[in-house]
Amino acid sequence: MRIGIVGATGYGGAELLRLLNNHPEAKNIQLYTSTKEGVHIEESYPHVATIYDTSLKPFNPEVVGEDSDLVFMATPPGVSAQHTQEIASHGTQVIDLSGDLRITDPTIYETWYKRPAAQIETINQAVYGLSEWNREAIQSARIISNPGCYPTAALLGLAPLIHNDAIQQHSIIIDAKTGTSGAGRSATMMTHFSEMNENFKIYQVNTHKHTPEIEQQLHQWNNESGAITFQPHLVPMIRGIMATMYVQLKKPLTSEQLFSLYHQAYDGKPFVRIRKENNYPATKEVYGSNYCDIGLSYDERTGRVTVVSVIDNMVKGAAGQAIQNMNLMNGWDESMGLNLVPVYP
Ligand SMILES: NC(=O)c1ccc[n+]([C@@H]2O[C@H](COP(=O)([O-])OP(=O)(O)OC[C@H]3O[C@@H](n4cnc5c(N)ncnc54)[C@H](OP(=O)(O)O)[C@@H]3O)[C@@H](O)[C@H]2O)c1
């Protein structure tokens with residue numbers, strides 16, 4: 001398969017390069033840039049220089065569409081909104097890692113992203129690539145909107161309860177933490193070492209753009225589901241997301257019933273692992289892998305369930321899930337190229 005990576009010099013691009021090296025169908029990979037035409041990838045990423053002995057090509061959507069069977073857009077907001085339709089018009093599959101095509105209502109996108117939405121035709125063609133829950137639509141899609149990192153952790157954690165109509169409306173609180181690679185490669189005042197190390201910050205309180213993405217999917221699963229409280233935090237680590245979620249149940253469940261809902265949903269799904277009772281996942285336990293690990297506890301005193309969901313933001317939260325979706329779109333084994341044991345310690 002001829003694969004194009006737009007944004008290859010960013011963190012999402014780098015992770016695609018790492019993972020695609022293990023993928024038997026990905027042998028012809030072109031790297032595209034908007035600023036470093038002709039520069040060898042070694043200049044950005046010496047760690048893959050001998051594996052990808054190639055220079056960056058200028059990003060021209062027409063040429064990228066013509067020269068690729070599948071394109072990963074690992075670009076900031078705004079780029080896919082503008083160029084996906086042209087790339088896809090060549091019959092090319094597009095997997096967009098940015099948030100440009102995830103929100104189905106352009107007005108909601110514009111409110112949260114504070115930029116013009118993509119054309120509605122493009123948005124309508126894009127299938128939300130939450131691999132475990134949208135498999136059939138992904139299999140026949142030509143354009144995938146790959147889920148955000150926080151939404152992946154949160155939605156995988158909440159799905160079994162929402163599907164079983166077990167949660168009281170408006171009771172969902174998502175308390176999430178991320179490492180700094182989630183913000184991409186460019187340093188900012190928020191993420192540079194002196195600001196972030198030995199520090200623990202809450203940011204974008206009640207305004208993070210992943211909020212409507214999570215609400216949209218929860219509502220599609222259960223139309224009683226409305227607004228959620230989602231608060232993101234930055235912790236001094238490089239990779240990893242932990243979403244700790246608190247939900248009030250409609251009626252009491254035994255622990256056995258709770259675990260049974262999750263096993264019914266995820267047994268047989270290779271990348272979601274449900275921990276045993278009293279065992280909770282840590283980010284290090286999925287580091288570098290495509291796993292989402294989920295721990296559960298029901299508190300009889302409060303009637304609340306606590307769900308703990310961890311992923312590696314660069315893998316299941318970005319490049320890994322994108323490759324999982326590429327596999328589904330092309331009728332390959334879902335795990336192809338993704339059999340990665342987490343790096344520990
Ligand atoms: N990091 C994560 O954990 C994560 C997780 C899920 C989703 N995402 C999403 O994935 C996307 C990429 O994230 P990232 O972390 O890889 O960001 P990043 O490190 O900032 O990389 C983005 C890359 O996009 C390229 N680019 C910028 N403007 C462009 C344009 N106008 N046309 C074409 N290419 C352009 C840049 O490369 P050149 O200068 O070489 O063009 C840059 O290296 C973002 O939308 C992000 O929200 C990231």
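**Around the ligand**

Visitor: How far is an oxygen atom of the ligand from a polar backbone atom of Tyr11?
Guide: This is a predicted model, in which local features need pLDDT of at least 70, side-chain atom pairs count only at pLDDT 80 or more, and totals for chains, interfaces and linings use all residues. Residues are numbered from 1 along each chain as its sequence is written, and side-chain values use heavy atoms, with hydrogens and water left out. A polar contact is a pair of N or O atoms within 3.5 Å, and for the polar backbone atom of Tyr11 and the ligand oxygen the distance is 3.0 Å.

Visitor: Which residue places a polar side-chain atom 2.6 Å from an oxygen atom of the ligand?
Guide: A backbone N or O atom of Ser34 lies 2.6 Å from a ligand oxygen, but that atom belongs to the backbone. The residue that places a polar side-chain atom at 2.6 Å is Thr35.

Visitor: How much of the ligand's accessible area does the protein cover?
Guide: Accessible areas come from the Shrake-Rupley method with a 1.4 Å probe. On its own the ligand has 900 Å² of such area, and the protein covers 80%.

Visitor: Which domains does the ligand lie between?
Guide: Domain bounds come from an automatic or database domain assignment. Two domains both give residues to the shell around the ligand, so the ligand lies between them: domain 1 (2-128) and domain 2 (150-313).

Visitor: Which residues come nearest to the ligand?
Guide: A residue counts as near if one of its heavy atoms lies within 4 Å of the molecule. Of the 25 residues around the ligand, those that come nearest are Thr9, Gly12, Thr33, Ser34 and Thr35.

Technical notes. Polar contact = N/O pair within 3.5 Å; in protein donor to acceptor, adjacent residues only side chain to side chain.
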